[in-house]
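Try each exercise yourself before you read the solution under it.

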Amino acid sequence: PTCAGFVSIACGFSHSVALRADGTVVAWGSRSDGQRDDAPTCAGFVAIACGHLHSVALRDDGTVVTWGCRPAGQRKDAPTGAGFVAIACGHSHSVALRDDGTVVTWGRRSQGQRDDAPTCAGF
């Protein structure tokens, strides 16, 4: 991207994502697994995160949007509904924090990325 107005950036293995002050998302880099072409084109985002080949964005209404690679559930297992206040990505999994302090995980679970997540509130 050659324009200004960015407030946040994130990098995956072969792609990058930036968040503009107006709430729009820009993605660039590899197109092999939808890291670039499947990025959302609307406004209203407040946070972004990148995993190895997938990305996650948090909307201002507290919902989560995912795009990119999906074989380990990085997209299909993403949480639905509102009430999320923070997001983060690992290699092939993602986490989101709800407004009640609970943590939701999705994606790969081969090394405890999901099953070992805390089940109590207060984060």
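This is a predicted model: local features need pLDDT of at least 70, side-chain atom pairs count only at pLDDT 80 or more; totals for chains, interfaces and linings use all residues.

Residues are numbered from 1 along each chain as its sequence is written, and side-chain values use heavy atoms, with hydrogens and water left out.

**Exercise 1. Work out the make-up of the fold.**

Step 1: Get the elements from DSSP runs, numbered from the N terminus (helices are H or I with at least four residues, strands are E with at least two). You end up with zero helices and nine strands.
Step 2: Write down their order from the N terminus: β-β-β-β-β-β-β-β-β.
Step 3: Take the contacts (heavy atoms within 4.5 Å). Among those between residues at least 6 apart in sequence, 34% join residues at least 24 apart.

**Exercise 2. Find out how the protein is covered.**

Step 1: Sort residues by relative accessible area: buried is under 20%, exposed is over 50%, and partly exposed is in between (1.4 Å probe, protein chains only). The protein has 123 residues, and 47% of them count as buried.
Step 2: Compute the accessible surface with the Shrake-Rupley method and a 1.4 Å probe. It comes to about 6200 Å², and carbon and sulfur atoms own 51% of that.

**Exercise 3. Trace the pairing around strand E2.**

Step 1: Locate E2 at residues 15–20, where five of the six residues are buried.
Step 2: Look for partners, using the rule that two strands pair if DSSP finds at least two bridges between them. Strand E1 (residues 6–11) runs antiparallel to E2, with five bridges, and Phe-6 sits opposite Arg-20. The hairpin between E1 and E2 goes through three residues.
Step 3: Now the other partner: strand E3 (residues 25–29) is also antiparallel to E2, over five bridges. Here His-15 faces Gly-29. This hairpin has four residues between its strands, and Gly-23 takes a positive phi near 90 degrees.

**Exercise 4. How many salt bridges does a search of the whole structure find?**

Step 1: Run it over everything, and one salt bridge turns up. The side chains involved belong to Asp-37 and Arg-31, at 2.9 Å from N to O.
Step 2: Check both ends for cover. Asp-37 has a relative accessible area of 49%, so it is partly exposed. Arg-31, at 48%, is partly exposed too.

Technical notes
A salt bridge is a side-chain nitrogen of Lys or Arg within 4 Å of a carboxyl oxygen of Asp or Glu.
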